[in-house]
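Here are some friendly notes to read alongside the model.

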Amino acid sequence: MYALFYRNVTDPEIVYDIDDNKIIYGNARKIKVVSEKKCIIDGLPYSLAITPRWQTLVGRANGRDDVASNYRIFCADYASSDFQSVRDAPWLETNDDAELAIHNQTDFFLVLEKSEFCDHFSGTQYYNTSPSFDLAVYEKRAKFFTDPFGVLVAFGATTFAPNLMQTRAGKFISDPLTLAHWTTLQVGSLLCSHALGKVFYGLPDSDHFKRFSGVGLLLAPLNYGHWHAQNMPALFALKQLLERGLFSEEEVTVVTTRPEAANIDLLDHCLRRLQLKPKFFDPAKGDIGAFSFDCTLLPSSSSCGVFHWSRFLARSLSLLREGVEGQDRVLFISRTDAGNSRGLSNEEEILAALAAAGIPVERVAAAELSYAEQRARFAQARLVIGSHGSGLTNALYGGPQCAVLELISDAVDGNRGWYHNLYRLLGQRYAAINCPSPGPAWSRAAFRAEPGLVVTAAKELLSSGTVSEHQRARHGAKADTAMGHITITAVGGQAKWG
């Protein structure tokens, strides 16, 4: 029997073999599970309290109540299964093949958009002086083949709340496992071990397991930015399946996300834009740990990569544009509502510099606004300025008239390109200023941006006009069309433009 230890979901796991009393993976020196209520990790005693869901334990250092001292420990004495890939299923591209597979209840992956090569750096030069940012590596990895966009259709599959799926044949789908690592850890229905390459799970009793007839579409419980990028295209994919006549809307149930993870008004608005009226099911409300549908739909957007955007995603997000007249607001997204995590340490200085330059900037704390208020405010924007975070997603509501200036810290290098590629596909002008981070990678520490560079970039974006209809038309047909994207960094104290 294994015990899987996590202090936080972003930390590497520690795998302990209880039967052989040895650590087989991880950075702990010594672990001993003394009893069902106690374990010792590197000499420090932890009291164990079982959670309401099956085999998950919470280990808290004796006499300490802070979250940092906690371990989540999953004692895996249930069955295990090796990872299996969604690509084990046959890939289909035509309605006729899909209808045949549905008739025979054969799991398949329906391709809605094929893979293609995208070069997001054509004709663009970048300048950087930060020793933490390797421009050559970034430019190389940002030239990629987009993943094909499709939907896995599985019959009689079991979904462990909220989105880890086991097919009727007993195979786990590998594509959503990373998300499952983030989401199932809190409910304890199962856990995937990347170190062991296995999934540990246990079917709940009948009171916590529910079977549905018809078709279920799985959405992932994600934050605001990821919800747009992953769940909106999932709903758009459902629309395509219904228009193809592969399923009827009357038989579809959407497995909803938790309201605290994604504003429920966002879901309602997306469905109205798509003119969809499915039934809903929320596993958390019914205390359901696992469920199954006659037919389950899992869109490939459930495991969206940083650079692997597609025009399918862009088409779905473009449906959310408001299309208002007279866009003239300049909005600065403050992250003070998020404890200034990944925010600016000199926010007031930046705002003062913009105002002194004659730019009528408005500070916005997006999370303090309702979804309707965010939509209305950003639909009027001509320029949106902010550091990397979900708030920048709101610029899409302004459409092609709205430009984006992203202030990037070295600490979020792994997500560099998220908004660069998104707004390139959406046909919106984009610029980025690379800023040194005061902390290590992923420290989320507040960083300083150079006010003069922010003013220079803002003026350039405000004066450069919008992307022409001709450019957008070309962009729709060819991925490497230049869309007015620029990156600025300080070189010898001067602003240089690519």
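How many helices and strands are there in the protein? There are 11 helices and 32 strands, where helices (H or I, at least four residues) and strands (E, at least two) are DSSP runs numbered from the N terminus.

1. A word on the basis. This is a predicted model, in which local features need pLDDT of at least 70, side-chain atom pairs count only at pLDDT 80 or more, and totals for chains, interfaces and linings use all residues. Residues are numbered from 1 along each chain as its sequence is written, and side-chain values use heavy atoms, with hydrogens and water left out.

2. Overall make-up. Of the 498 residues in the protein, 55% are buried, that is, under 20% relative accessible area with a 1.4 Å probe and protein chains only (exposed is over 50%, partly exposed in between). Taking contacts (heavy atoms within 4.5 Å) between residues at least 6 apart in sequence, 70% join residues at least 24 apart.

3. Aromatic pairs. The whole structure holds 11 of them; rings of Phe, Tyr and Trp (its six-membered ring) pair if their centres lie within 6.5 Å, with planes under 30 degrees apart counted as stacked, over 60 as edge-to-face and the rest as tilted. One of them joins Phe160 and Phe172, which are tilted because their planes stand at 35°, with centres 5.9 Å apart. Phe160 sits in strand 15 (residues 158-160) and Phe172 in strand 17 (residues 172-173), 12 residues apart. Phe160 is buried at 0% relative accessibility, and Phe172 is buried at 0% as well.

4. A tyrosine pair. Tyr224 and Tyr371 have ring centres 6.4 Å apart and planes at 65°, so this pair is edge-to-face. Tyr224 belongs to helix 4 (residues 224-243) and Tyr371 to helix 8 (residues 371-379), so the pair ties together parts 147 residues apart in sequence. Both tyrosines are buried.

5. A ring cluster. Phe212, Phe281, Phe291 and Phe293 are linked into a cluster by ring pairs.

6. A helix packing. Helix 7 (residues 347-356) packs on helix 10 (residues 451-463) at about 45°, with axes 9 Å apart; axes are lines fitted to C-alpha atoms over the stretch in contact, and angles run from 0 to 180 degrees between N-to-C directions. That makes helix 7 oblique to helix 10 (under 35 degrees is roughly parallel, over 145 roughly antiparallel, 65 to 115 roughly perpendicular, the rest oblique). Helix 7 contributes Glu349, Ile350, Ala353 and Leu354 to the contact, and helix 10 contributes Pro451, Val454, Val455 and Ala458.
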